[in-house]
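Please keep the sequence and the 3D view at hand while reading.

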Amino acid sequence: MMAPGHQVVGFTFGVGALALIPQFEVMTERPYQTILFFVFVLFGSLLPDIDTPASKLGHKFWRGLMTIFTIAFLCYLFAPHYLNTYRDELKVFVMLLLPVLIMIRGHRKMTHSLLFVSLLVGYCLILEQTLQIPWFYLGGMVVGVVSHLFGDFITKQGIPLVYPLSRKYIQFFFTFRTGSNTERMIVYSLVLWNVWFLTSTVF
């Protein structure tokens, strides 16, 4: 599925989470938090595709991130005393960047599996405890990632759902080609449904 399609599907999953999960029912009560929730959802809906090692841009992107990560990690370990003020910020940056380095080493592999979702949930729990980030937002990112896997699951290529136990790509019984007219019809239909649902709920 193309990036715009992933974002529309992610937004739809976010709306569903707000409507069906009691902990997320804040749409009309906390509008600003809800907007930030959808920012995390949309970020999560694209997160699994930050893995393009075959392209020149992806390779350079990974090398650049690796350089930044190494510098930040060394600064955290060996920073002079007068930079201790920034040590906590460096720790946060290193913790957030490490999973990204792991994710961009193989397209539609680990990042498109249940293992990745499980690791992400565990990582978000660590962030919630150590950085005091509300689960409401982190949960939005997980919702976005799940929506991305679903979006690729219904394409003809499918996803390696149980990777690394099996590298076989699994598809839904109804599939379509990425970028096809069928995908566009589904995306447009979801946009209309989201508009109808939100307007009928808010107003």
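## Helix H1 against helix H6

The model described here is predicted. Helix H1 covers residues 3-20 and helix H6 covers residues 135-153; the two pack with their axes 8 Å apart, at an angle of about 130°. That angle makes H1 oblique to H6. The crossing of H1 past H6 is right-handed.

On the H1 side, the contact is made by His 6, Val 9, Gly 10, Phe 13, Gly 14, Ala 17 and Leu 18. On the H6 side, the residues are Phe 136, Val 143, Val 146, Ser 147, His 148, Phe 150, Gly 151 and Asp 152. Sorted by class, this contact of H1 with H6 has 8 nonpolar, 6 polar and 1 charged residues.

## The chain as a whole

The protein chain has 7 helices and 0 strands. Read from the N terminus, its elements run α-α-α-α-α-α-α. The chain has 203 residues, of which 36% count as buried.

Its accessible surface comes to about 12100 Å², and 70% of that belongs to carbon and sulfur atoms. Among contacts between residues at least 6 apart in sequence, 66% join residues at least 24 apart.

## Helix H2 against helix H6

Helix H2 spans residues 31-46. The axes of H2 and H6 come within 6 Å and cross at roughly 35°. H2 passes H6 in a crossing that is right-handed.

From H2, the residues in this contact are Gln 33, Thr 34, Leu 36, Phe 37, Phe 40, Val 41, Phe 43, Gly 44, Ser 45 and Leu 46. They meet Phe 136, Tyr 137, Leu 138, Gly 140, Met 141, Gly 144, Val 145, Ser 147 and His 148 of H6. The contact of H2 with H6 has 11 nonpolar, 8 polar and no charged residues.

## Tyr 137

Tyr 137 is located in helix H6. Its relative accessibility is 13%, and therefore Tyr 137 counts as buried, the cut-off being under 20%.

Leaving aside residues up to four places away in sequence, Tyr 137 touches Gln 33, Leu 36, Phe 37 and Phe 40. Between Tyr 137 and Phe 38 there are 8.3 Å from C-alpha to C-alpha, although the two are 99 residues apart in sequence.

## Helix H5 against helix H6

Helix H5 covers residues 114-131. H5 and H6 pack at an angle of about 170°, and their axes are 10 Å apart. The two helices are therefore roughly antiparallel to each other, since the angle is over 145 degrees.

In H5, the residues involved are Phe 116, Val 117, Leu 120, Val 121, Cys 124, Leu 125, Leu 127 and Glu 128. Their partners in H6 are Trp 135, Leu 138, Met 141, Val 142, Val 145, Val 146 and Leu 149. By class, the contact of H5 with H6 has 14 nonpolar, no polar and 1 charged residues.

## Ser 113

Where is Ser 113 found? Ser 113 lies in the loop between helix H4, residues 87-103, and helix H5. With a relative accessibility of 0%, Ser 113 counts as buried.

Not counting residues up to four places away in sequence, Ser 113 touches Leu 149, Pro 160, Leu 161 and Tyr 163. Along the chain, Ser 113 and Leu 161 are 48 residues apart, while their C-alpha atoms are separated by 4.3 Å.

Definitions and conventions. Residues are numbered from 1 along each chain as its sequence is written. This is a predicted model: local features need pLDDT of at least 70, side-chain atom pairs count only at pLDDT 80 or more; totals for chains, interfaces and linings use all residues. Side-chain values use heavy atoms; hydrogens and water are left out. Axes are lines fitted to C-alpha atoms, for helices over the stretch in contact, and angles run from 0 to 180 degrees between N-to-C directions. Helices (H or I, at least four residues) and strands (E, at least two) are DSSP runs, numbered from the N terminus. Angles under 35 degrees count as roughly parallel, over 145 as roughly antiparallel, 65 to 115 as roughly perpendicular and the rest as oblique. A crossing is left-handed if the near helix is turned anticlockwise from the far one by less than a right angle, and right-handed if clockwise. Contact means heavy atoms within 4.5 Å. Ala, Val, Leu, Ile, Met, Phe, Trp, Tyr, Cys and Pro count as nonpolar, Asp, Glu, Lys and Arg as charged, and the others, Gly among them, as polar. Buried means under 20% relative accessible area, exposed over 50%, partly exposed in between (1.4 Å probe, protein chains only). Accessible areas come from the Shrake-Rupley method with a 1.4 Å probe; for residues, only the protein chains shown count as cover.
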